[in-house]
Amino acid sequence: MYVCVCNAVTERQIDQAVRAGATSLRHLRHQLGVSAECGRCARCAQDCLRAALCEPSRPAPAVHAAHAGSSRSLALEAS
Ligand code: FES
């Protein structure tokens with residue numbers, strides 16, 4: 001589904017941008033051009049952003065993964 005007609009940005013592209021680290025409409029505007037022209041897509045883009053951020057199948061952010069790895073290392077060291 002097209003979210004931003006002016007820049008031909010799809011919901012899938014927004015999802016990919018979130019997976020790459022986008023967390024705000026400003027990030028989407030910078031990376032994809034969403035809401036950079038007429039702005040009519042801002043609300044829908046924000047909804048897609050929220051949905052992508054809340055998606056349970058999303059991999060954990062790198063910070064959490066790194067933290068989990070260090071905890072595992074500590075657990076292994078303790079045993
Ligand atoms: S529809 Fe996205 S800027 Fe116009």
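**Helix α1 and its surroundings**

Tutor: In this predicted model, helix α1 (residues 11–19) packs against helix α2 (residues 25–32) at an angle of about 110°, and the two axes are 11 Å apart. Since angles of 65 to 115 degrees count as roughly perpendicular, α1 is therefore roughly perpendicular to α2. The α1 side of this contact has Gln13, Ile14 and Ala17, which meet Leu28, Gln31 and Leu32 of α2. Sorted by class, the contact comprises four nonpolar and two polar residues, with no charged ones.

Within α1, the buried residues are Ile14, Ala17 and Val18. Viewed down the helix axis, the buried residues of α1 fall within an arc of 100°, so they line one face of the helix. Arg12 and Arg19, on the other side of α1, are exposed. The buried residues pack against α2, and also against β1, β2 (9–10) and α3.

Ile14 also belongs to the largest nonpolar core, which has 15 residues. Val3, Ile14, Leu28, Val34, Ala45 and Leu49 are the residues with the most contacts inside this core. Two or more core residues come from each of β1 (2–4), α1, α2 and α3 (42–54), and α3 gives the largest share, four residues.

After α1 comes Gly21, which has a positive phi, near 120°.

Conventions: Residues are numbered from 1 along each chain as its sequence is written. This is a predicted model: local features need pLDDT of at least 70, side-chain atom pairs count only at pLDDT 80 or more; totals for chains, interfaces and linings use all residues. Axes are lines fitted to C-alpha atoms, for helices over the stretch in contact, and angles run from 0 to 180 degrees between N-to-C directions. Angles under 35 degrees count as roughly parallel, over 145 as roughly antiparallel, 65 to 115 as roughly perpendicular and the rest as oblique. Two residues are in contact if their C-beta atoms, placed from the backbone, lie within 7 Å. Ala, Val, Leu, Ile, Met, Phe, Trp, Tyr, Cys and Pro count as nonpolar, Asp, Glu, Lys and Arg as charged, and the others, Gly among them, as polar. A nonpolar core is a set of buried Ala, Val, Leu, Ile, Met, Phe, Trp, Tyr and Cys residues joined through C-beta atoms within 7 Å. A residue is buried if 20 or more other C-beta atoms lie within 10 Å of its own, exposed if 12 or fewer, and partly exposed in between; C-beta atoms are placed from the backbone. The arc is that of the directions from the helix axis to the C-beta atoms.
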